[in-house]
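Visitor: Please show me how to read the contact between two copies of a chain.

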Number of protein chains: 2
Amino acid sequence: MSEAIGIGMLGAGNVGGGVVEALQQGAERYAARVGRPLELRRALVRDASRPRPGLATEQLTTDVDDVIGDPGTQIVIELLGGEDPAREYIERALRAGRHVVTANKEVIAKYGAELLAVASRHNVRLLYEASVGGGIPIVQPLRRDLLANDVHTVTAIINGTTNFMLTAMAQDGADYEDVLAEAHRLGYAEPDPTDDVEGIDASYKLAILCGLAFHVAIAPDEVIRQGITTLTASDFTYAAELGHTIKLLATGRLSDGELVASVRPTLIGYGEPLAKVDGVLNAVQVEGDLVGRVLFEGPGAGPRPTAGAVLADVLDVARDLVVGREPLNQITYTAATVRAPDDHESRYYIRMTGANQPGVLAKVATALGEHGINIASVIQFGMEEDAPTEEFVITTYLANGGRLRTALEQIDGFDEVVVGNVLAMAS
Amino acid sequence: MSEAIGIGMLGAGNVGGGVVEALQQGAERYAARVGRPLELRRALVRDASRPRPGLATEQLTTDVDDVIGDPGTQIVIELLGGEDPAREYIERALRAGRHVVTANKEVIAKYGAELLAVASRHNVRLLYEASVGGGIPIVQPLRRDLLANDVHTVTAIINGTTNFMLTAMAQDGADYEDVLAEAHRLGYAEPDPTDDVEGIDASYKLAILCGLAFHVAIAPDEVIRQGITTLTASDFTYAAELGHTIKLLATGRLSDGELVASVRPTLIGYGEPLAKVDGVLNAVQVEGDLVGRVLFEGPGAGPRPTAGAVLADVLDVARDLVVGREPLNQITYTAATVRAPDDHESRYYIRMTGANQPGVLAKVATALGEHGINIASVIQFGMEEDAPTEEFVITTYLANGGRLRTALEQIDGFDEVVVGNVLAMAS
């Protein structure tokens with residue numbers, strides 16, 4: 001019972017450093033909980049001459065086969081991030097009979113189903129708790145603890161960078177460019193923030209959540225996606241006057257075999273639990289037929305929380321190895337149609353600027369009506385009587401996305417009106 | 001692969017009805033997720049002549065051996081509640097080689113460690129996700145998803161009845177007797193509400209959480225316990241003026257091998273996540289060295305949420321049975337000292353009534369000081385100059401429970417002062 005369980009690492013950056021540190025600090029505890037010690041063997045790095053805390057020079061390698069091919073390694077942790085070469089390395093490790101634990105949202109979102117099939121064929125496990133929600137337990141709870149439910153809706157805040165930015169905009173009345181600069185200064189935003197602010201990162205995570213929650217395979221590019229770059233301080237002011245805040249909400253909803261998945265800035269009422277999830281926190285709300293509604297909230301990123309999620313998967317595999325349990329990789333996907341943006345219904349918030357003259361609003365309202373868009377409210381804020389233009393917000397009842405797009409194209413053609421911003425409203 | 005997995009039930013009341021209904025509604029989905037159909041076989045009831053929805057008369061029995069002894073039954077669900085005869089039946093089922101899924105907090109809190117050992121010896125599993133937090137996944141996340149963490153604190157609202165009552169007191173300014181009557185009227189409180197309002201139910205659940213979070217066995221009667229029956233409308237008024245609300249908080253904290261576990265009405269600041277958990281909702285907050293802080297929130301009771309948790313355990317066992325995986329029941333308990341109430345430190349809120357004359361406060365402050373109790377603030381509310389007595393609240397810094405008790409006994413002996421209520425404050 002004293003032979004160590006060998007662990008190899010692909011990548012030893014931020015999260016990798018957290019994993020190495022936790023493995024050292026927790027060595028005794030982990031050995032007790034697993035029944036055998038864990039041994040960190042080789043780590044693939046780009047530059048093997050650069051020293052890494054907790055790793056000896058002879059453990060570092062630039063050759064992936066030194067990690068995957070090591071006969072003493074049973075579990076490979078993949079922390080390279082990005083698609084290439086991570087996808088290929090994961091597949092090679094599975095084919096070599098290694099269990100794989102990954103934090104790679106992009107690879108799992110794009111190739112999860114096929115990699116799980118490879119794992120199954122080679123009688124090993126592929127686990128990815130850390131790919132969504134950082135330290136929040138959500139992958140395994142969906143796979144296991146909520147499995148008796150018919151889950152119909154998942155609503156999540158799963159990008160810490162944008163949630164930090166939107167929280168600052170809501171609380172300080174700051175503009176987009178200012179909060180982006182602040183996020184850069186604090187290291188919350190990448191030098192190129194595109195993946196975060198355009199909702200790409202969140203779309204990967206939502207695709208993974210949909211697979212787990214609904215047992216439906218959806219590609220990340222099928223997720224309806226809108227970034228936060230067009231939000232202005234005035235949108236937060238108007239939302240607040242409507243009793244709402246604005247969050248980058250990732251939403252998946254399955255009904256009658258049709259899946260609607262979207263990542264977009266969304267107005268949500270102050271009373272909603274997700275409205276109170278602020279700063280870099282993440283949260284995932286799951287709704288099912290038995291449980292009703294359950295919420296998971298915690299740190300969505302950071303080396304230590306993410307390392308905790310990675311190592312939970314590692315310990316799970318290790319415990320099975322100790323007692324000789326067979327792997328269980330069973331995900332059964334059912335078929336579903338994914339709704340295109342134009343077929344999708346939502347309530348909307350539309351900010352416009354119009355000439356301050358009679359008949360403008362009537363023209364807009366008529367155009368919307370002709371396209372079957374039902375207006376819920378029209379609100380003019382801080383109108384000055386002699387201003388040449390005025391800003392106003394129209395909110396709609398549930399409206400078809402395609403019809404709204406056509407209506408707004410027509411309205412944008414009017415000389416008297418400019419469409420400013422169009423945001424979804426949670427209903 | 002088409003042979004059914006046989007399920008027997010002990011008890012077919014509220015939660016049992018939820019389980020039967022869910023098994024019928026979800027039959028097709030469960031068969032797909034498990035790989036074989038689930039078959040509900042016999043159910044132990046007190047009165048076999050009373051019809052039960054979803055169960056045929058010939059499925060009902062008053063003889064426990066008809067359920068446990070049925071060779072076609074692999075999984076026994078125990079939903080009798082209470083200690084006797086549930087504990088004995090669970091043990092008999094395990095000895096007969098049946099996997100057992102239970103929602104029984106009392107039995108698991110008191111006999112969990114020994115029953116898990118019995119299960120292990122007979123190579124079967126004993127699962128109890130539904131015993132804490134109803135539909136909230138918390139047992140398995142602590143056992144599995146947070147296992148890499150050194151968890152040091154668990155803070156929870158795990159009794160829906162009292163949380164409903166305290167929320168009503170906080171929001172409506174109502175008195176204890178009024179909200180208890182309302183809870184009775186709505187069916188949230190038992191005819192004899194002792195187990196809920198005295199924190200006994202919560203102490204069972206906290207003992208279970210401590211075992212999972214800290215790998216320490218603690219008996220429920222080692223939990224420091226205070227009920228909510230002495231709370232008055234004025235306590236909520238005073239707490240609000242201090243920026244706090246009052247919750248029945250279950251707290252477990254492990255440091256240097258010493259465990260402090262308590263269930264008691266506690267002042268918590270409005271900014272704390274648990275302060276916003278209202279009504280019959282439950283929430284469990286877990287703090288560990290890697291994850292930082294993570295929160296699980298959802299319905300803590302009700303037939304459908306609880307049935308969802310029971311069936312998650314059932315599906316887990318069933319999937320293992322289908323692929324022939326060996327059971328894994330491994331919980332390793334480490335030794336810990338449990339702190340007695342008198343050795344425990346907390347901040348405190350003390351409400352007193354004193355004669356409206358000079359020197360009273362000085363006398364109280366002196367007595368506290370002599371026992372090493374550090375006063376944080378003294379607040380008099382709505383004092384009238386010519387009233388014969390006045391009410392005031394003293395809050396303390398961290399104070400030793402035993403010393404405070406002695407000091408308050410001395411103060412209560414003064415002619416000029418009556419000690420009204422003493423509550424913990426979250427620090």
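**Reading the interface**

Guide: Start with one pair: A:Arg144 and B:Asp316 form a salt bridge through their side chains, 2.8 Å from N to O. The term means a side-chain nitrogen of Lys or Arg within 4 Å of a carboxyl oxygen of Asp or Glu. The rule finds 8 salt bridges across the interface of chain A and chain B. This is a predicted model, where local features need pLDDT of at least 70, side-chain atom pairs count only at pLDDT 80 or more, and totals for chains, interfaces and linings use all residues. Residues are numbered from 1 along each chain as its sequence is written, chains are lettered from A in the order in which they are written, and side-chain values use heavy atoms, without hydrogens and water.

Visitor: What rotation superposes chain A on chain B?

Guide: Two copies of a chain are related by a rotation about an axis and a shift along it. Here the rotation is 180°, the shift 0.0 Å and the RMSD 0.0 Å, by least squares on C-alpha atoms of residues with pLDDT of at least 70 in both copies. That is the relation of a two-fold axis. Of chain A, A:Phe296 comes closest to the axis, its C-alpha at 2.4 Å.

Visitor: What area is buried between chain A and chain B?

Guide: Interface size is often given as the accessible area lost when the parts come together. Here it is about 4700 Å², with 51% from carbon and sulfur atoms (1.4 Å probe, summed over both parts). In chain A, A:Arg33, A:Arg144 and A:Arg325 lose the most area to chain B, together 17% of what that side buries.

Terms used. Buried area is the accessible area (1.4 Å probe) that two parts lose on being put together, summed over both.
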